[in-house]
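Colleague: I would like to go through the side-chain pairs and the ligand site of this model. Please show it first.

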Amino acid sequence: MIKKVLIANRGEIAVRIIRSCRELGIRTVAIYSDADRASMHVRHATEAYHIGPSPSHESYLNADKIIEIAKLSGADAIHPGYGFLSENANFARKCNEAGIIFIGPSAEAITLMGDKITARQTMIQAGVPVVPGSEHSVAGEENVNEIVQAIGLPVIIKASAGGGGKGMRLVREASELIPSLRLAQSEALSAFGNSTVYVEKYIDSPHHIEFQILADRFGNTVHLFERECSVQRRHQKVVEETPSPFLTPELRQRMGEAAVAAAKVVAYEGAGTVEFLVDANHNFYFLEMNTRLQVEHPITEYTTGIDIVKEQISIASGMPLSFGQNNLTQFGHSIECRISAEDPFNNFMPSPGVIRHVSQPNGLGIRIDSYVYEGYEVPMYYDPMISKVIVWGRTRDEAIERMRRALFEYKIDGIKTSTAFLERIMRNKSFKNGIYDTHFIDMHGDELFQRHTDESAVCADMAIIAAYMDYTSKIEKIAMGDYSLQRNGDNRWKEYGLKKAVQRI
Ligand code: MV4
């Protein structure tokens, strides 16, 4: 039995993991860097240890120090969350060698899936469809020409040690092939210390759809259905939803079976995600497997009722899954929006700083996985994501309207955040119709990034100004941006748009 878990992470995911531990009666050990002394995860945990300076390499990536603290504190397991050491096979191995349970898959499964060429070969053996392309690493110029002869242009050159879009190169013209190969190889070498690359046929306008997997050590493997993750910007997911409006029940079933086969062939244990590309003709291809808990896991929790973190802990304690595939159904619809401390209207410029005021949405079907509070300073050292808004609705339309309402209610002052940008996505016609693919943000940039004052921001500002005007009593009218406020004859506030305001002031 696991009685005490060290969380080798920070931010919202550390808080999220501690919540499930508390429900299970498991004590928790937080670690924190200099910048995180006052962080929320430290407050939630039963005990907390300082790990080192703010930069990740000296704190949340310091494997030996983390294991040392686990031993010192008497933790029997380590949960790595996502990012940091979560997909580091050496860390998983070191934990196990130190007699500490790594809550995640085996080091072997992490290594295998971390090497994208080996992962591809393994999937081919298991009968899971992969994108047409090279079976081995690209050996040289002759070899790459042969591959492209066989599959045709355009192709995409990917780093075997890469993943998540890092080190990819699209090749449309034959003349670009060799220069792109050289570039891809040197980029892979400098980014991953390994120049090995492979080639795939380029799938134009694909959907990114992933399946959540749970597997115990007795060979029981189930999937918890899909997550549609096509709303991305520079390989960062922005909005995720489930069910995918693009899948049919028949395709969902076939992809779910393929995802389970993918997990079984590597004797996978724990929670994992099998990513697929799906083309416009409903062909699906294995892309990669993420061997960790993912940011977007809550939408699956909402639509299946399963607490994925509790399942991870149960599996890591050696328990069999308490349900089979036939016990699982998807109910209703769930959407997640990632809120980041960035300015979406200024090229997503990071916006760290002190949160002066925060007012979170609430009510039926709303879940906030966050770690910020009033007075908290968002540090510049880590990922800019500060909060996730997750909604559930009986239908997709209800979930979208609920998300709009939640984003409207969410007020964060002191720093710039992405809430207004996310509201625009919820109002976008193509998104509302469920007709979008991985090019969505690029295709709708004009609309999504257009500079105009958002309704929610105006309402909030107007309310503050009206209160201020009541307070000062002398001010009868005030102009702000495109709007103005003025008292009516009956002493009530009236709003004017820009044109009216200019006429009257
Ligand atoms: C592709 C592709 C088209 N064809 N592979 C980007 C992230 C990484 N996991 C793989 N990615 C892609 N691989 C082939 N053969 C297009 C992408 C891609 C993409 C994939 C999912 C979500 C967003 C994306 C944005 C640009 C490119």
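Colleague: Are Arg16 and Glu301 buried or exposed?

Modeller: The model is predicted. The side chains of Arg16 and Glu301 meet in a salt bridge, with N to O at 2.8 Å. Arg16 lies in helix H1 (residues 11-23) and Glu301 in helix H10 (residues 297-304), so the pair ties together parts that are 285 residues apart in sequence. As for their accessibility, both Arg16 and Glu301 are buried.

Colleague: Lys4 forms a salt bridge with Glu47; what is the relative accessible area of Lys4?

Modeller: The closest N and O atoms of Glu47 and Lys4 are 2.6 Å apart. This pair links distant parts of the chain, Glu47 being in strand S3 (residues 47-52) and Lys4 in strand S1 (residues 4-7). Glu47 is partly exposed, at 23%. Buried means under 20%, so Lys4 counts as buried, its relative accessible area being 7%.

Colleague: Which helix holds both Arg404 and Glu401?

Modeller: The side chains of Arg404 and Glu401 meet in a salt bridge, 3.7 Å from N to O. The two residues are separated by about one helical turn because they are three residues apart in helix H12 (residues 396-409).

Colleague: How much of the accessible area of the ligand does the protein cover?

Modeller: The ligand is surrounded by 18 residues. A nitrogen atom of the ligand is 2.8 Å from an N or O atom in the side chain of Glu200, and a backbone N or O atom of Ile203 lies 2.9 Å from a ligand nitrogen atom. Of the 520 Å² of accessible area that the ligand has on its own, the protein covers 90%.

Definitions and conventions:
Residues numbered from 1 in each chain as written. Predicted model: local features only at pLDDT ≥ 70, side-chain atom pairs only at ≥ 80, totals over all residues. Heavy atoms only, no water. Near = heavy atom within 4 Å. Polar contact = N/O pair within 3.5 Å; in protein donor to acceptor, adjacent residues only side chain to side chain. Areas by Shrake-Rupley, 256 points an atom, 1.4 Å probe, with all protein chains shown as cover. Salt bridge = Lys/Arg side-chain N within 4 Å of Asp/Glu carboxyl O. Helix = DSSP H or I, 4+ residues; strand = E, 2+ residues; numbered from the N terminus. Buried < 20%, exposed > 50% of the residue type's maximum accessible area, 1.4 Å probe, protein only.
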